[in-house]
Protein chains: 2
Amino acid sequence: MNTTILIKLQEIVGTSYVFTDEENLKKYGHDETEDFIFPPNVVVKPSSVEEIASILKLANEFKIPVVPIGGQTGLSGGALAIHGGIGLSMERLNRIIEIDEKNLQVITEPAVITQVLRETVAEKGLFYPVDPSSMGSCFIGGNIAENSGGARAVKYGVTKDYVLNLEVVLPNGEIIWTGANTLKNSTAYNLTQLMVGSEGTLGIVTKIVLKLLPLYKHNVLLLVPFFKAEQACEAVSAIFRAGIIPSALEFMERDAIDWSLQYVDGISVEVKENHQAHLLIEVDGNYPEILMQEAEKILEVVEQFEIDEVLFADSEEQKNALWKMRRGVAEAVKANSIYKEEDTVVPRYELPVLLKGIKEIGSKYGFQSVCYGHAGDGNLHVNIIKGNMSDENWKTEVPKGIREIFELTVGLKGTLSGEHGIGYVQKNYMNIAFNTVQLNLLQGIKQLFDPNNILNPGKILPDNIN
Amino acid sequence: MNTTILIKLQEIVGTSYVFTDEENLKKYGHDETEDFIFPPNVVVKPSSVEEIASILKLANEFKIPVVPIGGQTGLSGGALAIHGGIGLSMERLNRIIEIDEKNLQVITEPAVITQVLRETVAEKGLFYPVDPSSMGSCFIGGNIAENSGGARAVKYGVTKDYVLNLEVVLPNGEIIWTGANTLKNSTAYNLTQLMVGSEGTLGIVTKIVLKLLPLYKHNVLLLVPFFKAEQACEAVSAIFRAGIIPSALEFMERDAIDWSLQYVDGISVEVKENHQAHLLIEVDGNYPEILMQEAEKILEVVEQFEIDEVLFADSEEQKNALWKMRRGVAEAVKANSIYKEEDTVVPRYELPVLLKGIKEIGSKYGFQSVCYGHAGDGNLHVNIIKGNMSDENWKTEVPKGIREIFELTVGLKGTLSGEHGIGYVQKNYMNIAFNTVQLNLLQGIKQLFDPNNILNPGKILPDNIN
């Protein structure tokens, strides 16, 4: 990185917030995606929207890549500086600006940790439902970038369903708001929804207005062991068809729960040899007696399948332990083997077909997989395990298998990513879900916002469109 | 319209589906916006996506405007052929293609009447919640175009919250799908949400995949008369702050309810001289005893304000009559006077300020207004009444007043339209909500999709941006 640029960056944010030492470049060169490290040439830590506007103006003038960096928990490589350039750490924009109790809204900066946001509004009796597994360390700004989901999406929706308005710095340094702080809006094209899920490629989000709900007061949590994994998938649809909308409906294959349990205390779950999968099912609301009725109905549904004894979590401690177990799956798999994670999503009734197909594709290409995820949304995370596969096969065979998994997914009217984004690692599978006409539209949007391609270049769009 | 083009259109859709007679041109030359008539030069009624693709290819080649026409119930002039050209009536694409009970989805063509769609899925125990007042005659495709709301949006959201995927014909005749049939999607920029609310200016929607919910079984409906209109507005926020999310929360000024009651049988509502406004409040769910508890809580809240006797609707007939009264307000106002309708929306707690401001602006410019709408969403319809105002003042003073109303709305963090769209009549107020940077982005999106500006030209964007 050229010295003139470094000096200008120092003038913008102050010398103590510009970093070029190897340790920092390495520290900001990864997220949670596999074992990738792509360090930026410089890390900059602005403290305000004005500073960010100045940085982008500079970068735009000199055509320097800018990669926004949040909580570094992404799973699609969205925060990797694959072309070097400026690593724009958002960490200092970490204030909750206002909790608007009168309108049930919160205005926040992007570097607030999602769990902190949830807990802070909960103290006022308000509820921000979106709870990605990484919520203890991810930033709300990153959730906007990837349109994150989580366990409660099945009832409450994903990030996009709570975003009312965004302050955004465009690549040319202009600052705009995308919409209004209203629950309804039919005023021109939806710039807010265009920004949500755009993975830092169209603009830098600097303020976020979110809708909140009144906080629910009670919940009931069940863990149901199934002797057949495909029946667990079938049960997912059956629960909805019985008229119940659970607040969470999570699927875990045997290995997922088994590996994760090693890292969790405070609960005794016996995973038996013949338990192929578990469903973790929650209902929530304000009336305990109604929740018990709904839990009874759910029991009636799952008992039509081949299940073992159902665990009712009967204390907060037990509930927390079950959730810790579920949230710990990705980490547990990571600790066990090198892996690649795919974020398939299909209409929920197609889950059994998807699961079966994934296993067959695995057999064909010689890899094992551990599947788990938000089955209520049809969102199945597929962890492809290296185990003792040769490096050669891992490199050549696995991508073929992934391509087939995505082809199956798209054939089932699903798509490549439910909540992790496309980022760096899935971009060259994009032509499975989109044809040239669609890809050209997507690229046209990118060019409209970012004609010099400085913002997070090399993400989302495939290397070759035509 | 040149004969060569007419012959080509006849070749595409068949001679019996191309109309150039005055009666038909006039019939398709209006929607429900004031008394505007802008006839197209030709009305074409295609029956398939392929025919629409051929029509757009032709129009694009010869740079002929194409205006999609649905149920003709729009309130922003979106379906008016202000530059003539081809009136593309969607009426023959009127099939519900599939009700997917397994995935709680429906796939439909755009010319299905919204109420028909709701009733058809209800027969299967499924619920499409979006219920614009015009649902008895509007098309679901028009709802997509305008991102329509309605009374239940306060709990269930608006059209955009139910659209999973769209088949769209682009202006160059290419046919694309915008997304996938999934509840979650983090796969590239959100083309689906870009299309929703784009008022037929980016593409022609030919198939729609909607999310459905299980049908709720019970509801309770209350009508609460307030002695002070602003207190009715204040009560709206207070209900939410008490932790209740009603399924409808409608505000009607005295004149609105008074005029509409003349058109409704089967109910006896005494609107007294000192009733300044009413709230119509509904809660819904599957458990009658819980609904009664919630109704009690609502009563506790509204009793903190100055109210008269509350009406509990105690039969289906009475509920239907109350809803007919509410839905009939726009028609009743229309029958009473020439008027202009604005579709203001603000964060809901700002409603009393907005209402007060509207009345003051009316006094300043010498017009009366009747206000009503979806107060739970902060969405207030402002009907500006001509009454015995002079034609001169109606033409010169009222636009100034409207501009001030919108400036107030935007100042309260609201915007120009909550659910009617910008269309023809509000486009030159767009610079109140958007600056040049934002307007250029919006125009860039239009140019990307429609470089020859053939699709519904002269809508949404102001005549002069810079």
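This is a predicted model: local features need pLDDT of at least 70, side-chain atom pairs count only at pLDDT 80 or more; totals for chains, interfaces and linings use all residues.
Trainee: How many salt bridges does a search of the whole structure find?
Mentor: Side chains of opposite charge can pair when their charged atoms come close. The search covers all chains. Its total is 48 salt bridges.

Trainee: Lys386(A) forms a salt bridge with Asp391(A); is Lys386(A) buried or exposed?
Mentor: The closest N and O atoms of this pair are 2.6 Å apart. For Lys386(A) the relative accessible area is 13%, and the cut-off for the inside class is under 20%. Lys386(A) is therefore buried.

Trainee: Glu167(B) and Lys207(B) meet in a salt bridge; how many residues apart in sequence are the parts that this pair ties together?
Mentor: The N to O distance in this bridge is 3.1 Å. Glu167(B) belongs to strand 8 (residues 163-169) of chain B, while Lys207(B) belongs to strand 10 (residues 204-211) of chain B. The pair therefore ties together parts whose separation in sequence is 40 residues.

Trainee: Where does Glu306(B), the salt-bridge partner of Lys228(B), lie?
Mentor: The two side chains meet at 3.4 Å, N to O. Lys228(B) sits in the loop between strand 12 (218-226) and helix 8 (229-241) of chain B, and the pair ties together parts 78 residues apart in sequence. Glu306(B) is partly exposed, with a relative accessible area of 36%. Its place is the loop between helix 10 (288-302) and strand 15 (311-312) of chain B.

Trainee: Which axis relates the two copies, chain A and chain B?
Mentor: Two copies of a chain are related by a rotation about an axis and a shift along it. Here a rotation of 180° with 0.0 Å of shift superposes chain A on chain B, with an RMSD of 0.0 Å. The copies are thus related as by a two-fold rotation axis.

Trainee: What share of the contact residues of chain A recur in chain B?
Mentor: Chain A superposes on chain B by a rotation of 180°. The same surface serves both copies. The share that recurs is 99%.

Trainee: What is the C-alpha separation of Ile55(A) and Ile86(A)?
Mentor: Ile55(A) is in helix 3 (residues 49-62) of chain A, and it is buried, with a relative accessible area of 0%. Leaving aside neighbours within four places in sequence, its contacts include Leu9(A), Val44(A) and Ile86(A). Ile55(A) and Ile86(A) are 31 residues apart along the chain, and their C-alpha atoms are separated by 9.1 Å.

Methods:
Residues are numbered from 1 along each chain as its sequence is written. Chains are lettered from A and ligands numbered from 1 in the order in which they are written. Side-chain values use heavy atoms; hydrogens and water are left out. A salt bridge is a side-chain nitrogen of Lys or Arg within 4 Å of a carboxyl oxygen of Asp or Glu. Buried means under 20% relative accessible area, exposed over 50%, partly exposed in between (1.4 Å probe, protein chains only). Helices (H or I, at least four residues) and strands (E, at least two) are DSSP runs, numbered from the N terminus. Copies are superposed by least squares on the C-alpha atoms of residues with pLDDT of at least 70 in both. Contact means heavy atoms within 4.5 Å.
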